[in-house]
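Dear colleague,

I am passing on to you the structure that we spoke about, together with my notes on it. Please look through the model first and then read the notes beside it.

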Amino acid sequence: MNPILQINQLKTSFFTSSGEVAAVRGVSFELQQGEILGIVGESGCGKSVTVKSIMNIIKPPGRVVDGEILFKGENLLTISKRRIREIKGNDIAMIFQDPMTSLNPVLTIGSQLMETMKAHTKLTKAEREQRATDLLRAVQINSPETRLKQYPHEFSGGMRQRVVIAMALANDPEILIADEPTTALDVTIQDQILKLLKDLQRQQSKSVILITHDLGVVAQMCQRVLVMYGGIIVESGTREAIFYAPKHPYTIGLLRAMPKLNSRERLEAIPGSPPALINPPKGCPFASRCQSAMKLCLTRLPDFYADDEGHKARCWLLDPAVKEMKGRKGHE
Ligand code: SF4
């Protein structure tokens, strides 16, 4: 099956007065129809810049410097601005972390929902009103007819995020991109919003990219996972592969730092901090924090090593020659 979205060697940089910050350094992945793909990593690893590049919302001094973003085969980096607006209005929608960035405080929820539809559909006013009511109902907001006439400040944080999800669904997009959609919410509301997103994705068979720093969210939501670090993908695989057989020392570190239910085990945060991307390291970006780092790691970035199931990671420890050398040393 052809992927609905294919990213090839995406590179995005910010050209600051201190120099080029290479935030995304050659990222490639695919999104399949109907799947939830998680992108996980610490802040500054490049995950948000990756999806903002897909949405064409990188602001100067940043810009995409290379690569391809193929939506059903069309390269979003080379098509006309008009076609991009069409695709962004109808086919790919984004849900941001802070609902207030997506909502206008001086307009009613109803007029904002209907405005989104007006720009991209030919529905009549009555049809738009009916769809707005249906959308609020779909995101489980009670008394939708009354709620449509209210302003964002009359909604709680969780309710506002539901409205933002309704707005993202307004034109029935095929792809939803959610950037830390629950970070600003408390844990109970977070669970409700994630459940809602998953239910909507199943019922309407959407393809979803979910950006998060929280592996618990990934475990609950995603079928496949990309782990990003230092502007590159360092590991990718199914949720089971990533959680039960992680290969990359960074992923292993993230999992050790993840709180476990009913466990008194001490959590181990990964010491150190991610590399500055103004002058990215030549070798493995994790080398300065990795307990297994070798000389080779400082000078050369490893390629991906994949198993038969497509679980792959970028680490020299997976290289057959390095494994053999380590095995020999172990026997000496
Ligand atoms: Fe550690 Fe080297 Fe593997 Fe990077 S390539 S994760 S530094 S062992």
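The notes below take up the ligand site, the strands, some backbone details and the aromatic rings in turn.

Please keep in mind throughout that this is a predicted model.

I begin with the ligand. The space that the ligand takes up is the largest cavity, and the residues around the ligand are His248, Pro249, Cys284, Ala287, Cys290, Ser292, Ala293, Cys297, Pro302, Cys315, Trp316 and Leu317. When this shell is sorted by class, it has 10 nonpolar and two polar residues, and no charged residues.

Next come the strands, for which I start with β10. Strand β10 covers residues 232–238, and six of its seven residues are buried, so this strand is largely enclosed by the rest of the structure. Strand β9, residues 224–229, is joined to β10 by six bridges, and the two run antiparallel; within this pairing, valine 227 has glutamate 235 in β10 as its bridge partner. The two strands β9 and β10 form a hairpin with two residues between them, and in the turn glycine 230 has a positive phi of about 60 degrees. Strand β10 is also joined to strand β12, residues 312–313, by two bridges, again with the strands running antiparallel, and here serine 236 has lysine 312 in β12 as its bridge partner.

There is also an open sheet of four strands, in which the order is β2-β1-β4-β5 and the pairing is antiparallel. In this sheet β2 (19–31) and β5 stand at the edges, and each has a single partner strand, so one side of each is left without a neighbour in the sheet. The pairing of strand β1 (residues 5–16) with β2 is in the antiparallel sense and extends over 10 bridges; one of the contacts to look at is that of glutamine 6, whose bridge partner in β2 is glutamate 30. As a reminder for viewing these strands, in a regular strand the side chains alternate between the two faces of the sheet.

Helix α1 deserves a separate look. It is mostly covered, with six of its eight residues buried, and the buried residues of α1 are Lys47, Val49, Thr50, Val51, Ser53 and Ile54. After α1 comes asparagine 56, which has a positive phi near 60 degrees.

Proline 60 and proline 61 are joined by a cis peptide bond, with omega at about 10 degrees, and proline 61 has its place in the loop between α1 (47–54) and β4 (62–71). Lysine 72, a residue other than glycine, has a positive phi near 50 degrees, and its place is in the loop between β4 and β5 (74–75). Glutamine 140 is not a glycine either, although its phi is positive at about 60 degrees; this residue has its place in the loop between α5 (125–138) and α6 (144–147), and glutamine 140 counts as partly exposed, at 46% relative accessibility.

How are tyrosine 229, tyrosine 250 and phenylalanine 286 linked? Ring pairs link Tyr229, Tyr250 and Phe286 into a cluster. Tyrosine 229 is buried, tyrosine 250 is buried with a relative accessible area of 0%, and phenylalanine 286 is buried with a relative accessible area of 3%.

With best wishes

Terms used. Residues are numbered from 1 along each chain as its sequence is written. This is a predicted model: local features need pLDDT of at least 70, side-chain atom pairs count only at pLDDT 80 or more; totals for chains, interfaces and linings use all residues. Side-chain values use heavy atoms; hydrogens and water are left out. A residue is near a molecule or strand if one of its heavy atoms lies within 4 Å of it. On a 1 Å grid over the protein atoms alone, a cavity is a set of points where a 1.4 Å probe fits but cannot get out, and a pocket is an open set with protein on both sides within 12 Å along at least five of seven lines; lining residues have an atom within 4 Å of a point. A molecule sits in a cavity or pocket if more than half of its atoms lie within 2 Å of its grid points. Ala, Val, Leu, Ile, Met, Phe, Trp, Tyr, Cys and Pro count as nonpolar, Asp, Glu, Lys and Arg as charged, and the others, Gly among them, as polar. Buried means under 20% relative accessible area, exposed over 50%, partly exposed in between (1.4 Å probe, protein chains only). Two strands pair if DSSP finds at least two bridges between them. Rings of Phe, Tyr and Trp (its six-membered ring) pair if their centres lie within 6.5 Å; planes under 30 degrees apart count as stacked, over 60 as edge-to-face and the rest as tilted.
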